[in-house]
Every structure is written in C-alpha cells, then in structure tokens.
Amino acid sequence: MVAFKSSSWLVLFFLFFTVIAPTMRAHIAEFDDYWKQREAEARVAALQAYHPIPEDVNNHFNLLVEDLLVGMNGTRSNLRINGTRRNLRVNKGPCRVTNPIDRCWRCRPKWATERKRLADCALGFGRHTIGGKYGSYYFVTDPSDNDMVNPTKGTLRHAVIQPGPLWIMFSRSMVIRLNQELIMTGDKTIDGRGVNVHIAYGAGITIQYVKNVIIHGLHFHDIVSGSGGLIRDSVNHFGFRGRSDGDAISIYGSSNIWIDHNSMSNCKDGLIDAIEGSTGITISNNHFTKHNEVMLFGASDGNSKDAIMQITVAFNHFGNGLIQRMPRCRWGFFHVVNNVYRNWNMYAIGGSAHPTIISQGNRYTAPPTNPKHDAKQVTKRDYATESEWKKWTWRSDGDQMRNGAYFVQSGNVSKRRPYPRLDMIQAKPGHYAPILTRSAGALTCRRRHPC
C-alpha cells in the first residue's frame with residue numbers, strides 16, 4: 001500500500017466538506033467506478049440470494065428445530081419447562097446445546113481446531129453464508145486503529161480489507177476502538193471464540209455492497225458515529241466517507257450475511273441495520289440489552305429495492321433496557337422465530353410499507369402496566385391507515401404472550417396458513433423459547449471442551 005501524505009490529507013479534507021459532502025451517496029463522497037462495480041456485483045448476488053418461495057425456508061428451519069427437540073426416533077428425555085416436566089431428547093452426554101445452529105458445532109471438544117465447521121451451520125435466509133471457509137487464517141494481534149488509509153498489519157482493519165476469503169481470529173482478548181467505520185470486503189469470517197473481544201467506544205462495522213460475511217462471538221457496545229474522511233475499503237482503493245450513523249453493524253446492499261452469538265448494547269443508532277436491498281440474512285443467538293432502536297430492516301418507505309429483503313431473526317434474547325425496533329421492517333419478508341422478549345418500552349415489532357412478518361414460537365413479556373403509556377401491544381404499524389395495514393400479512397403462530405402482551409395480526413388471518421403455495425411447518429411453541437435461547441450472546445469457550 002502506498003502511504004498517504006498528511007499535507008495531501010489537509011487539502012482533501014477541505015475539499016470534502018466544501019464541495020464533495022453535499023453530493024454524497026450511500027456515505028460515499030465519490031461514487032467512482034470502483035464503487036459502481038461493487039454495487040452492481042452486489043445487486044446480482046442479492047438477486048441470487050433471494051428465495052422466490054420464502055415459506056420453504058421457514059419450513060426447513062422449523063423442521064430442524066423439531067428434529068432436535070423431539071429426536072428423530074421419537075424418544076425424549078426429561079426437561080422442565082414452565083414448571084412442567086416434559087420429555088425431550090435435547091442432547092446426549094454433557095453438552096447441553098438446545099438449538100440446531102449450536103448443535104452443529106458446539107458439542108465438539110475440538111471446535112478450536114475445527115473452527116471452519118461453523119461455516120456449515122447457518123440456517124434461515126442466511127443459510128448459504130460460509131464467510132471465509134475457503135480462505136486462510138488471519139490472527140489479529142494488535143487492537144489499535146490509528147491509520148485509516150494504510151492500516152497496520154495485524155489490526156482488524158488490515159484483516160477485513162484483504163482480497164479473497166479469510167477466517168479472522170484474535171490472538172488474545174482485546175478491546176478495539178475503531179476511529180472510523182470498519183469497511184469490510186466479502187468472503188470474511190470474524191470469529192471471536194475462545195477470547196473476549198469488544199468492539200467499543202468508537203465506530204462500528206460496515207458491510208456494504210459485498211456478500212458472504214459471518215460475524216460471530218463479539219461484544220459490541222458504546223458505539224458512536226465516525227466523523228468521516230479518508231478510509232481504505234480494499235487493498236487497492238480508498239476514498240472519502242461521510243459521517244457514519246453509529247450502528248454496531250450496518251448491512252448495506254449486501255447478501256448472505258450471518259450475525260451469530262454476539263452481545264450488543266448501547267450504541268448511538270442501531271445495533272443491527274440492514275438496508276438498500278440487503279437479503280439472505282440470519283441474525284441468531286445474539287443478546288441485546290440497553291438500547292433504543294435495536295434493528296432496522298429497510299430505511300425508507302420509498303425504496304422498493306427492499307422488496308427482495310429476506311431476514312431470519314432466531315434464538316435471540318431481547319433483554320432489559322430495550323425500547324423499540326426488535327425489529328422494525330419495510331417491504332420484505334421477515335421470519336421472527338423462537339426468540340425471548342423480556343419487555344420493551346414502546347413496542348417489539350413494527351413496520352411500514354407492507355412487509356410480511358411471520359412471528360412464530362416467541363415468548364413476549366410485556367412491560368409493567370403504566371396508566372400513562374399502554375405498551376402491552378407487541379406490534380406497531382406506521383404511515384398507513386387501518387384499511388391499508390389490515391391487508392399486510394403479519395401473523396402470530398404459537399407465540400407465548402405474558403403479562404398482558406398481545407399481537408395484532410393482519411392479512412388473511414381467517415385461514416390457518418394464509419400463503420399462496422406451501423403450508424408452514426408448525427414452529428415450536430413460545431414456551432420452548434427460553435430453552436432455545438439460553439446460550440444467547442458471546443460465548444465463553446475453552447479449548448478441548450465443548451463450547
């Protein structure tokens with residue numbers, strides 16, 4: 001990489017804020033040929049990731065959960081749910097993994113030497129995500145982030161811009177304060193297992209116009225907006241960026257993305273936002289706390305690119321101190337399945353621009369009764385009259401409602417399965433959700449032991 005001189009930076013800094021910034025597109029000051037090509041390739045990949053019959057994906061997901069909990073041979077072992085002893089063959093031996101994503105890798109004592117097995121474990125709409133499975137390993141040894149244009153070898157910023165597939169790990173526990181947003185290239189896995197890695201007190205991660213990214217096992221908290229400026233986005237390109245939003249993870253025009261087993265809280269904007277026609281996404285096994293606007297899927301009612309958006313939200317724990325957007329959806333198809341919602345301040349699931357939302361087997365616990373503010377309703381619709389939103393397909397199937405929580409369904413709710421082609425396989429009921437989510441968040445994994 002060629003070093004960028006400080007004197008040149010001062011000239012371009014002035015140029016950016018006086019001439020370029022007002023015409024900025026997608027946080028990119030100069031949408032040059034590099035970004036035009038990256039956008040075009042990402043759009044093709046997104047269309048390939050789009051599933052024309054999303055119910056099939058839901059069916060497959062629910063069937064795998066059923067197979068794990070019941071067992072293919074129909075036998076069951078004892079497990080207590082809500083004070084009632086039930087028979088469930090959840091696991092054999094000491095490993096107590098209880099959902100099919102985790103079952104794929106966590107019970108193996110050699111997980112640390114078989115890390116790439118994780119790439120075979122995604123389910124839902126992000127099921128084809130393999131990240132850096134076919135690449136080499138890269139160890140992050142340096143938590144610093146001092147040079148945005150010529151990042152130091154061994155830093156996370158240097159790792160994520162490398163060409164080709166890469167499996168990124170950490171040599172030790174560390175806190176990484178990103179001075180500006182971290183712009184990733186595709187075919188990457190960021191794997192925090194076995195150490196304690198925090199992305200905190202600085203900017204977050206941007207997944208823009210790429211495909212095939214796994215982010216696993218990190219702690220995100222206290223993320224703030226980056227001021228913008230010159231930032232390298234690949235080994236062969238850098239350019240001016242505008243001010244970042246302050247999301248922990250921002251997914252922009254990208255596909256085949258899997259966000260799994262992260263702990264996330266207290267960021268300036270969203271914890272996970274997916275916009276601009278992003279699709280083929282699974283968000284699973286995460287633990288969310290102490291945040292206002294948790295997840296935004298689709299940024300504008302006027303952006304029909306998001307019609308191809310398909311996202312699975314599964315096995316997550318929405319904990320204390322959350323207010324709204326768990327998620328808030330536009331346009332696309334969203335499967336919200338087997339999550340635990342402790343409570344919320346405003347609402348849990350919202351949307352506008354006629355999204356399809358299938359809520360299955362979740363446990364919703366409404367906040368305490370407040371005579372000045374009724375927040376018992378799980379759902380919230382925006383920018384539509386009742387006659388309009390009644391046509392949107394929002395379905396609650398097997399959800400457990402606690403403390404007065406209620407889900408307002410819409411669409412063709414007179415039929416048990418209001419879909420044009422295939423019946424939906426029944427999800428496990430909401431009272432199973434605490435079992436399926438009990439390991440949500442970044443895990444504490446030890447070598448030579450099941451994780």
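Guide: The chain has seven helices and 33 strands; both are DSSP runs numbered from the N terminus, a helix (H or I) having at least four residues and a strand (E) at least two. The model is predicted, so local features need pLDDT of at least 70 and side-chain atom pairs count only at pLDDT 80 or more, whereas totals for chains, interfaces and linings use all residues. Residues are numbered from 1 along each chain as its sequence is written, and side-chain values use heavy atoms, with hydrogens and water left out.

Buried means under 20% relative accessible area, exposed over 50%, and partly exposed in between (1.4 Å probe, protein chains only). A contact here is heavy atoms within 4.5 Å.

The side chains of Glu-66 and Lys-428 meet at 3.1 Å, N to O. Because Glu-66 lies in helix H3 and Lys-428 in the loop between E33 and H7, this pair ties together parts 362 residues apart in sequence. Glu-66, at 27% relative accessibility, counts as partly exposed, whereas Lys-428, at 8%, counts as buried.

The structure holds 16 salt bridges. In another of them, Glu-39 meets Lys-305 at 3.9 Å, N to O. Here too distant parts of the chain are linked: Glu-39 belongs to helix H2 (residues 33–49) and Lys-305 to the loop between strand E21 (295–297) and E22, 266 residues apart. Glu-39 counts as buried at 15% relative accessibility, and Lys-305 as partly exposed at 30%. Asp-191 and Arg-193 form a further salt bridge, with the closest N and O atoms 2.8 Å apart; both residues are buried. Shared partners join Glu-39, Glu-276 and Lys-305 into one salt-bridge network.

Beyond these links, nine strands form an open sheet with parallel pairing, in the order E5-E8-E11-E16-E19-E23-E27-E30-E33. Strands E5 (174–176) and E33 (400–402) stand at the edges with a single partner strand each, so one side of each has no neighbour in the sheet. Strands pair if DSSP finds at least two bridges between them. Strand E16 (residues 263–265) pairs with strand E19 (residues 287–289) over three bridges, and Ser-265 stands opposite Thr-289 in E19.

For the chain as a whole, buried residues make up 60% of the 451 residues. Of the contacts between residues at least 6 apart in sequence, 66% join residues at least 24 apart.

Note on methods:
A salt bridge is a side-chain nitrogen of Lys or Arg within 4 Å of a carboxyl oxygen of Asp or Glu.
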